[in-house]
Amino acid sequence: MAKEEKRKETLAVEGDWPIGSYVYKAPPLYKELLACYKEKKLIGSLCTGCGMVYVPLRNICGRCWRKIDTRVGVSDIGTVTGFTISPEIRKGEVKVMGIDPVEAGWLEEGERLIMVYVKFDGANSNYTTILMNAKPEEVHIGMRVRAVWKDEPEGKLSDLQGVEPVKQLQHTT
C-alpha cells in the first residue's frame, strides 16, 4: 500500500501544550553566537570554499555543501529584503508559541507586527526578525535598518530584540 493511501488526513492533537516544560539543546555553534550577542555583536558562518557568509550561523554551506567552521564578524546594519505586516492584533485572537502577545505585554491592543527579512552588511543570507520603531506604511524593501539590542545583554537569543530604521545622516554645508 502506498504511503498516501495509509493516511488521508493530517493528524492533530487538541489541547494545551505547556511549552515551558520542553527542553531544547542548542547546537554547539550557538555558544559562539550567544557569546557575541552578550557583547552586542553579530557573527556569521564563512564558507572557505565559496565565500558565502551566513547569518544566522550554519554548519553546512547551502551553496557548495562544505562543512563550515570559520566565523566572521558582520555589521549590525543591514537592508530589508522582504517583509510581512500582520493585521491589528486583538487580545485573545492570536497566539505566538501558545502565548497571547497582548496579554504577555509584547504588543498593545490594535498594534500590528512587522516581520522583516534583513541582509546584514557583510552577510549573503537573510535573517528573520521584527521591525521596531516604525509604522507599517514606512517599511519598504531596501530600507536600511540597525540591530536593536537589550540594554544589558545576558548571552541569550532574546538579546537581539529586532531591528529599527536607520536615521539618515544630515549633511551640513
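**Strand pairing and its surroundings**

A147 stands opposite V163 in β8. This is a predicted model, so local features need pLDDT of at least 70 and side-chain atom pairs count only at pLDDT 80 or more, while totals for chains, interfaces and linings use all residues. Residues are numbered from 1 along each chain as its sequence is written, and side-chain values use heavy atoms, with hydrogens and water left out.

Start with β7 (residues 144-149). Strands here are DSSP runs of E of at least two residues; helices are runs of H or I of at least four, and both are numbered from the N terminus. Two strands pair if DSSP finds at least two bridges between them. Strand β7 is joined to β8 (residues 160-165) by 5 bridges, and the two run antiparallel. β7 is also joined to β4 (residues 77-85), here by 3 bridges, again antiparallel. In general, strands of a sheet pair through backbone hydrogen bonds, either parallel or antiparallel. In a regular strand, side chains alternate between the two faces of the sheet.

Now the open sheet. It has 3 strands in the order β2-β1-β3, with antiparallel pairing. The edges are β2 (53-54) and β3 (70-74); each has a single partner strand, so one side of each is left without a neighbour in the sheet. Strand β1 (residues 42-46) is joined to β3 by 5 bridges. One of the paired positions is L42, whose bridge partner in β3 is V74.

A helix covers part of this sheet. Helix α2 (residues 29-38) lies across β1 and β3, and runs at about 150 degrees to β1. That contact means heavy atoms within 4.5 Å. The angle is taken between N-to-C directions, from 0 to 180 degrees, with axes as lines fitted to C-alpha atoms, for helices over the stretch in contact.

W65 counts as exposed because its relative accessibility is 66%. The cut-offs are under 20% relative accessible area for buried and over 50% for exposed, with partly exposed in between (1.4 Å probe, protein chains only).

N133 also has a positive phi, about 55 degrees, and is not a glycine. It sits in the loop between β6 (127-130) and β7. At 55% relative accessibility, N133 counts as exposed.

What about the cysteines? The structure holds 0 disulfides; a disulfide would be a pair of cysteine sulfur atoms within 2.5 Å. The closest cysteine sulfur to that of C50 is in C61, 3.5 Å away, too far for a bond. C50 counts as partly exposed, at 26% relative accessibility. C36 counts as buried, at 17%.

Finally, the whole chain. It has 2 helices and 8 strands, in the pattern α-α-β-β-β-β-β-β-β-β along the sequence. Buried residues make up 29% of its 173 residues. Of contacts with a separation of 6 or more, 53% come from residues 24 or more positions apart. The accessible surface is about 12,300 Å², and 52% of it belongs to carbon and sulfur atoms. Such areas come from the Shrake-Rupley method with a 1.4 Å probe; for residues, only the protein chains shown count as cover.
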